[in-house]
There are 2 protein chains.
Amino acid sequence: MSQFTDVTITREANIYFDGKVTSRSVHFADGSHKTLGIMLPGDYEFGTEAKELMEILAGDLEVQLPGEGWKKVAAGESFEVPANSSFKLKIYAVTDYCCSYF
Amino acid sequence: MSQFTDVTITREANIYFDGKVTSRSVHFADGSHKTLGIMLPGDYEFGTEAKELMEILAGDLEVQLPGEGWKKVAAGESFEVPANSSFKLKIYAVTDYCCSYF
């Protein structure tokens with residue numbers, strides 16, 4: 001298990017797709033924030049404002065980044081999504097993720 | 001929105017019932033901890049070790065506490081569960097909760 005220390009967490013969850021995707025926002029002293037989230041099996045599309053780094057803590061999925069084909073992503077791997085774009089996901093198993101924003 | 005400040009959060013989620021119930025563990029400087037969790041519609045039973053206070057941040061459910069009948073619980077309400085016991089839940093809508101342990 002890994003931890004984030006000396007952080008602030010928003011109590012209320014971010015809830016998407018009828019609860020099939022949910023996350024908690026974690027705020028750091030340097031002003032940055034991350035979300036720790038869960039995605040249940042299904043197909044999803046997300047838009048981005050900032051550039052995002054998605055770290056997969058557990059799960060099994062495929063991602064389609066802008067202008068690319070589908071790519072398998074396993075636990076321990078990560079992918080980056082450009083700012084002001086979108087990405088598609090096929091979630092095959094309950095997926096636990098950490099998303100960072102830049 | 002409300003927040004917990006100066007806390008430590010475990011990155012990896014607690015995952016139950018195939019992801020239909022998930023939570024994050026939040027640790028406080030005084031050594032206590034809470035979990036912030038999501039329950040999707042369904043019927044669940046949980047056991048307790050410590051006494052628990054379940055605060056419902058959002059959602060719609062019924063709870064059956066030890067030796068009691070079913071009781072409706074709405075967002076903004078809470079219920080306590082004795083230590084070393086169990087409780088049953090009927091979740092009718094995606095439920096966001098904060099659980100404290102004593």
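Before anything else I noted that contact means heavy atoms within 4.5 Å.

**Ground rules.** This is a predicted model, where local features need pLDDT of at least 70, side-chain atom pairs count only at pLDDT 80 or more, and totals for chains, interfaces and linings use all residues. Residues are numbered from 1 along each chain as its sequence is written, chains are lettered from A and ligands numbered from 1 in the order in which they are written, and side-chain values use heavy atoms, with hydrogens and water left out.

**Entry 1: the core.** I looked up Phe79(B), skipping its neighbours within four places in sequence, and found contacts that include Leu53(B), Ile56(B), Val63(B), Phe87(B) and Leu89(B). Phe79(B) is among the residues with the most contacts inside the largest nonpolar core, along with Phe79(A), Leu89(A) and Leu89(B). That core has 42 residues. My note on the term: a nonpolar core is a set of buried Ala, Val, Leu, Ile, Met, Phe, Trp, Tyr and Cys residues joined through side-chain atoms within 4.5 Å, and buried means under 20% relative accessible area (1.4 Å probe, protein chains only). Another core, of 15 residues, lies apart from it, and Ile9(A), Val7(B), Ile9(B) and Val26(B) are among its members.

Entry 2: How many cavities of 30 Å³ or more does the structure hold? I got two. (A cavity is a set of points on a 1 Å grid over the protein atoms alone where a 1.4 Å probe fits but cannot get out; lining residues have an atom within 4 Å of a point. Points are joined across faces, edges and corners, and volume is the space filled by probe spheres set on them.) The largest has a volume of about 70 Å³ and is lined by 13 residues.

**Entry 3: Gly19(B).** Is Gly19(B) buried or exposed? Buried, with a relative accessible area of 5%. Beyond its neighbours within four places in sequence, Gly19(B) touches Leu40(A) and Val94(A).

Notes: Buried < 20%, exposed > 50% of the residue type's maximum accessible area, 1.4 Å probe, protein only. 1 Å grid on protein atoms, 1.4 Å probe; cavity = no way out; pocket = protein on both sides within 12 Å on 5 of 7 lines; lining within 4 Å.
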